[in-house]
Amino acid sequence: MTIPILILAAGASTRMQGRDKLLEDIHGRPLLRHVTRRAVATGCPVMVALPAGNQTRRKLLEGLDVTILEVTDADSGMAASLRAGLGVLPEEASGLLVALADMPDITTDDYLNLIKAFLNDLEANIHRAASVDGIAGNPVLLPHWALNDPSVFTGDAGARHLLRQHAERVRLVPLPGAHATTDLDTPQDWAKWRKRC
């Protein structure tokens, strides 16, 4: 079964005080390239949603086997990126793994663990990454049936409405430490994270 990975990287980094968080250095690489390389290493098809015309972010992906989706209405919220991903989703895809580009701790094994849990679930539930102590986070693997829910594709909530509406069908997949709950939105977040690393 095919499980494409969609990396949401079309946000404006509005809380970074003029900096682009996806350009921040992670072990010698910009964050966007770091996150994307780990997704590509799964062997799954990888799509990256970028704001239309952002050549700086596009250049970070040069040489990687990814499909770049230019999101012309990125300002309308996260749903615009989800719509772009659905527009090119292969027919044989049994689900879509939705990942955030600002989560530096997510590893290739984390992606693969989510996919394995999904493929072993005969009921095709939603699978959501969680911290080791059970706090829900990201990425989220949406089965094919969930991709037909129109609420996923409006506004900036992304899949949050879907996760609430179908809470009984959400299965948490614990990842090491706080991998699933560490996203870096502000300079303060970055400073704290760098002190831990």
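Which residue in β4 is the bridge partner of L8? It's A49, and β4 is a handy place to start looking around.

## Ground rules

This is a predicted model, so keep in mind that local features need pLDDT of at least 70, side-chain atom pairs count only at pLDDT 80 or more, and totals for chains, interfaces and linings use all residues. Residues are numbered from 1 along each chain as its sequence is written, and side-chain values use heavy atoms, with hydrogens and water left out.

## Strand β4 and its partners

Strand β4 covers residues 46-51 (strands are DSSP E runs of at least two residues, helices are H or I runs of at least four, both numbered from the N terminus). On one side, β1 (residues 5-8) pairs with β4 in the parallel sense over 4 bridges; pairing takes at least two DSSP bridges. β5 (residues 67-71) also pairs with β4 in the parallel sense, over 5 bridges, and here L50 stands opposite E70. To get from β4 to β5 the chain passes through helix α2 (residues 55-60), in a right-handed β-α-β crossover. Right-handed means that, with the strands pointing away from you, the path from the first strand over the helix to the second runs clockwise.

As for cover, 6 of the 6 residues in β4 are buried (under 20% relative accessible area; exposed is over 50%, partly exposed in between, with a 1.4 Å probe and protein chains only). V46, V48 and L50 sit on one face, with M47, A49 and P51 on the other.

## The nonpolar core

V48 also turns up in the largest nonpolar core, which has 59 residues; I5, I7, L32, V48, L97 and L142 touch the most other members. Such a core is a set of buried Ala, Val, Leu, Ile, Met, Phe, Trp, Tyr and Cys residues joined through side-chain atoms within 4.5 Å.

Leaving aside neighbours within four places in sequence, L32 is in contact (heavy atoms within 4.5 Å) with residues including V48, L50 and R57.

R57, in α2, reaches D20 in the loop between β1 and β2, 37 residues apart. Their salt bridge is 2.9 Å, N to O; the rule asks for a Lys or Arg side-chain nitrogen within 4 Å of an Asp or Glu carboxyl oxygen. R57 counts as buried because its relative accessibility is 3%, and D20 does at 17%.

K21 forms a salt bridge with D185 at 2.7 Å, a pair 164 residues apart. E24 bridges to R194 at 3.3 Å, and R19 joins those two in a network. E24 is buried at 10%, whereas R194 is partly exposed at 34%.
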